[in-house]
Amino acid sequence: MVQTSLYDDEPPSPKNEDVRGMPLAGRMRPLSLDDFAGQEHLVGPGCVLRNMIERDTVTSMIFWGPPGVGKTTLAGIIAESTDAEFVRYSAVTGGIKEVKEIMAAAENRRSRGKRTVLFVDEIHRFNKAQQDAFLPYVEKGSIILIGATTENPSFEVNSALLSRCRVFVLKPLGEERIMGLLRKALTDPRGFPGLSVEADDDVLRAIAVYCDGDARTAYNVLEAAVNDCASEDGKVTLSVKSVADIAGRKNLMYDRDGEFHYDLISALHKSMRNSDPDAAVYWLARMLAGGEDPLYIARRLIEFAGDDVGMADPQAQMMAVSCFEACHYMGMPDCRFALAETVIYLSLAPRSNSVAVAIDSALKDASEMLAEQVPLHLRNAPTKMMKDLGYAKDYQYAEDADEKVTKMQCLPDSLKDKRYFEPGSLGSEQYYRKRLDAIRDWKAGRRSEPPF
């Protein structure tokens with residue numbers, strides 16, 4: 001196996017280099033599957049990825065998962081185990097020129113019967129042109145592509161390239177797993193050479209809770225705490241307070257432009273839909289604690305009020321709009337009360353999607369039947385010519401009728417009997433159901449008494 005890097009500052013391998021100047025996460029990076037922590041569904045005995053690595057039959061693949069769960073580490077293990085040329089490349093600093101150089105070298109190796117494994121970190125940062133540059137070489141086998149990404153590859157990787165890669169989903173590490181890694185760092189010679197570090201389970205758990213399943217963050221916090229507390233005699237005793245001082249605050253896994261952003265708003269939306277105010281308030285708090293724009297949340301509440309509550313409680317829409325205004329004028333943290341009140345109100349409001357069904361059905365007809373003309377009697381007639389053409393003729397003014405409604409047709413002839421709005425039976429829609437049935441029955445001649 002030969003490793004190649006386009007960058008002079010590529011971290012050395014802990015296997016054969018002096019690791020004293022490396023961060024703790026680098027010093028403790030496992031070099032074999034036996035030392036790898038977590039992801040048992042992929043690298044456990046008999047699992048597909050483990051078999052591929054051990055048999056050196058790696059194919060093009062994408063590692064997708066949150067930060068610090070082992071994506072780069074797995075690539076390093078592949079680098080140590082493969083008989084191919086292993087090339088590391090960063091999508092952050094590389095460009096098309098470097099991609100072409102890598103592809104040319106890979107073609108040369110292929111002509112000599114040598115494989116090339118190309119590891120691309122943060123592959124989601126590639127633009128379409130860069131991703132397209134890889135495609136023909138992946139197709140003909142010039143390179144075996146291994147990409148690592150924190151973003152959903154369904155959205156961030158070209159479909160043609162994605163279809164030629166196997167996607168492996170890596171999961172956040174649990175608290176106990178993180179604590180195990182930290183314990184090993186305290187006793188392993190690679191961890192803190194020359195120091196005697198003591199930390200009880202409460203300290204390690206505080207770090208594990210802080211890092212949200214991110215091993216690299218856990219290592220960074222532990223190393224910072226040790227450096228901050230180190231004494232001249234080389235003895236270090238960590239406390240929960242010392243860790244809290246380093247950490248500052250909980251590291252919430254939240255990216256306002258990433259997939260987790262959409263996962264949380266989805267959780268909020270579905271909790272409200274399921275009439276669960278406790279869960280809804282929690283997901284609201286997660287978004288606010290992560291720094292989400294309260295106006296974004298308020299806009300989604302307005303959408304929910306129309307889509308999921310609708311005419312079952314028309315007050316819900318007014319409340320959501322008022323919440324948006326409160327967020328606009330007050331901002332965080334004061335607007336949290338308006339958001340929480342609205343979320344709870346919407347969670348407990350009666351449900352009806354009749355408004356959503358009505359507008360979506362009407363939009364479908366409107367987009368497919370663009371040539372439907374407005375009936376002449378519904379048109380304005382501001383000029384004599386328009387009146388002569390029959391505009392506004394036979395228009396029936398409802399306020400002049402004793403019933404305050406007429407039997408005038410208002411849809412185009414092709415949609416004469418089409419119904420879009422069908423109220424349900426919950427909340428205020430019971431009233432609107434009876435009212436609409438009375439109007440329709442009167443217009444159809446099924447009842448003689450006025451509908452109002």
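Axes are lines fitted to C-alpha atoms, for helices over the stretch in contact, and angles between N-to-C directions run from 0 to 180 degrees. The model is predicted, so local features need pLDDT of at least 70 and side-chain atom pairs count only at pLDDT 80 or more, while totals for chains, interfaces and linings use all residues. Residues are numbered from 1 along each chain as its sequence is written, and side-chain values use heavy atoms, with hydrogens and water left out.

**View 1. Packing of α15 with α17.** Helix α15 (residues 294–309) and α17 have axes that come within 11 Å and cross at roughly 20°. α15 is therefore roughly parallel to α17 (angles under 35 degrees count as roughly parallel, over 145 as roughly antiparallel, 65 to 115 as roughly perpendicular and the rest as oblique). Helices (H or I, at least four residues) and strands (E, at least two) are DSSP runs numbered from the N terminus. The crossing of α15 and α17 is left-handed, a term for a near helix turned anticlockwise from the far one by less than a right angle, right-handed being clockwise. From α15, P294, I297, A298, L301, F304, A305 and V309 meet L339, T342, V343 and L346 of α17; contact means heavy atoms within 4.5 Å. By class, the residues of this contact are 10 nonpolar, one polar and no charged (Ala, Val, Leu, Ile, Met, Phe, Trp, Tyr, Cys and Pro count as nonpolar, Asp, Glu, Lys and Arg as charged, and the others, Gly among them, as polar).

View 2. Helix α16 (residues 315–330) packs against helix α17 (residues 336–348) at an angle of about 165°, their axes 9 Å apart. The two are therefore roughly antiparallel, and their crossing is left-handed. Q315, A316, M319, A320, C323, A326 and C327 of α16 meet A338, L339, E341, T342, Y345 and L346 of α17. This contact has 10 nonpolar, two polar and one charged residues. P333 is placed in the loop between α16 and α17, and the peptide bond joining M332 to P333 is cis, with omega about 5°.

**View 3. The largest nonpolar core.** This core has 30 residues, and I178, L182, I207, Y219, L222 and L238 have the most contacts inside it. At least two of its residues come from each of α1 (24–27), α9 (175–187), α10 (201–211) and α11 (215–229). The largest share, seven residues, is supplied by α11. Beyond its neighbours within four places in sequence, Y219 is in contact with L24, A25, M28, L181, L182 and A185. Another core lies apart from this one and has 27 residues, including M272, L295, C335 and L339. A nonpolar core is a set of buried Ala, Val, Leu, Ile, Met, Phe, Trp, Tyr and Cys residues joined through side-chain atoms within 4.5 Å. Buried means under 20% relative accessible area, exposed over 50% and partly exposed in between (1.4 Å probe, protein chains only).

**View 4. T187 in α9.** T187 lies in helix α9 and counts as exposed because its relative accessibility is 67%. T187 and E198 are 11 residues apart in sequence, with a C-alpha to C-alpha separation of 9.7 Å in space.

View 5. Most residues other than glycine have a negative phi. E122 has a positive phi near 55° and sits in the loop between β4 (116–121) and α6 (128–139). With 27% relative accessibility, E122 counts as partly exposed. The phi of S275 is positive, near 55°, and S275 is in the loop between α13 (259–273) and α14 (277–289). S275 counts as partly exposed at 41% relative accessibility.
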